[in-house]
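Subject: Structure handover

Hello,

Here is the structure for you to look over. My notes on it follow below.

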Amino acid sequence: MSEITPGLWGLLLHGVWVTVELTVFSAALGAVVAFAVGLARTHRLRIVRFLAGAYFELFRGTSALVLMIWVFFVVPLTLGWQLVPMWAAVLTLGCTYGAYGSEIVRGAVAAVPQGQREAGIALGFPPAQRLRKIVLPQAWPEMVPPFNNLLIELLKGTALVSVLGVGDITFAAQLVRNATGRSAPVYTVVLVMYFVLAFLLTRAMRLVERRAKAGVGRAPQAEPAVSAKTGPDQRQDLAHSSSAAGGAS
């Protein structure tokens, strides 16, 4: 580790910041794509479902690395303009992981009981209002855990951008390795950096999950505490209430 000078440490830390930027921007684009395509796959019109399904199958069956290279090198030959490497990477990662996320959205929306939708119809809600006020609030808590896993995969997938020369953690590690000639300590540090970022993302998404469940009344209820000063009659009443609740369940 002594071979890594302060300047090289600064290069690695800058790579961490670039990786965070890539993850945030790609996740934002991916969320838009996931909800747009996922909801389109549940649309009542067959042509809309077909187009959304075609998008999903296209990006699910395409290598993100090859697609990133194609966007950066082939698209300019067709359109006459070229994206900078950073935004070419964001576009590719956002569209690819957004396609994966659309399956999460579709599955969660489809899992909402049909009776809830019929209740919205009975109340006279139009389709958009039923989706916004009834379906999505119940489907969102089911989306958060798989979205957490997908976000971690996106974080690790940002390592692909090093092929375009974007200065993320992986690209910075390659530069540090070339400067020091040491592979083991450099890539050990990089592994730890990715782990720390993934751990922080997981903790943040756990908080989002708890709040999402609390928003639909699914937060865990605290059990009533029985203090040492509780009288025999009160304890008997609490025990009777607990046994009655158990029998009712």
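T23 lies in helix α1 (residues 6-40). Helices (H or I, at least four residues) and strands (E, at least two) are DSSP runs, numbered from the N terminus. T23 is buried, because its relative accessible area is 6%. Here, buried means under 20% relative accessible area, exposed means over 50%, and partly exposed is in between (1.4 Å probe, protein chains only). Leaving out residues up to four places away in sequence, T23 touches L151, L154, L155, T158 and L201. Contact means heavy atoms within 4.5 Å.

A word on the source. This is a predicted model, in which local features need pLDDT of at least 70 and side-chain atom pairs count only at pLDDT 80 or more, while totals for chains, interfaces and linings use all residues. Residues are numbered from 1 along each chain as its sequence is written, and side-chain values use heavy atoms, with hydrogens and water left out.

**The T158 side of that contact**

T158 sits in the loop between α7 (127-157) and α8 (169-180). T158 counts as buried because its relative accessibility is 0%. Its contacts, apart from neighbours within four places in sequence, are T19, L22, T23, L93, D168 and Y194.

**Overall make-up**

The protein has 10 helices and zero strands. Its pattern along the sequence is α-α-α-α-α-α-α-α-α-α. Of its 249 residues, 36% count as buried. Take the contacts between residues at least 6 apart in sequence: 75% of them join residues at least 24 apart. The protein exposes about 14,600 Å², and carbon and sulfur atoms supply 65% of that area. Accessible areas come from the Shrake-Rupley method with a 1.4 Å probe; for residues, only the protein chains shown count as cover.

**Salt bridges**

How many salt bridges does the structure hold? There are five. A salt bridge is a side-chain nitrogen of Lys or Arg within 4 Å of a carboxyl oxygen of Asp or Glu.

R41 pairs with E103, and the closest N and O atoms are 2.6 Å apart. This pair links distant parts of the chain: R41 is in the loop between α1 and α2 (46-60), E103 is in helix α5 (residues 85-110), and the two are 62 residues apart. R41 is buried, with a relative accessible area of 19%. E103 is partly exposed, at 29%.

E103 also meets R106 in a salt bridge (2.8 Å, N to O). E103 and R106 are three residues apart in helix α5, so about one helical turn separates them. R106 counts as partly exposed, at 26% relative accessibility. Salt bridges with shared partners join R41, E103 and R106 into one network.

In helix α2, the side chains of E57 and R60 form a salt bridge too (2.8 Å, N to O). E57 and R60 are three residues apart, so about one helical turn lies between them. E57 is partly exposed, with a relative accessible area of 42%. R60 is partly exposed as well, with 45%.

**Surface patches**

Patches are made of residues with over 30% relative accessible area and no salt bridge; like charges are joined within 9 Å, and nonpolar side chains (Val, Leu, Ile, Met, Phe, Trp, Tyr) within 5 Å.

Which residues make the nonpolar surface patch? I69, W70, F73, V74 and V163 do, over about 440 Å². I69 is placed in helix α3 (residues 64-73). I69 is partly exposed, since its relative accessible area is 35%.

There is also a patch of positive charge on the surface, where R203, R206, R210 and R211 gather. Lys and Arg count as positive and Asp and Glu as negative; His and the chain ends are not counted. The place of a charge is taken as NZ of Lys, CZ of Arg, CG of Asp or CD of Glu. R211 is found in helix α9 (residues 184-215). At 63% relative accessibility, R211 counts as exposed.

**One more pair to view**

P146 is in helix α7. P146 is partly exposed, with a relative accessible area of 29%. P146 and G101 are 45 residues apart in sequence, and their C-alpha atoms are 8.4 Å apart in space.

Best wishes
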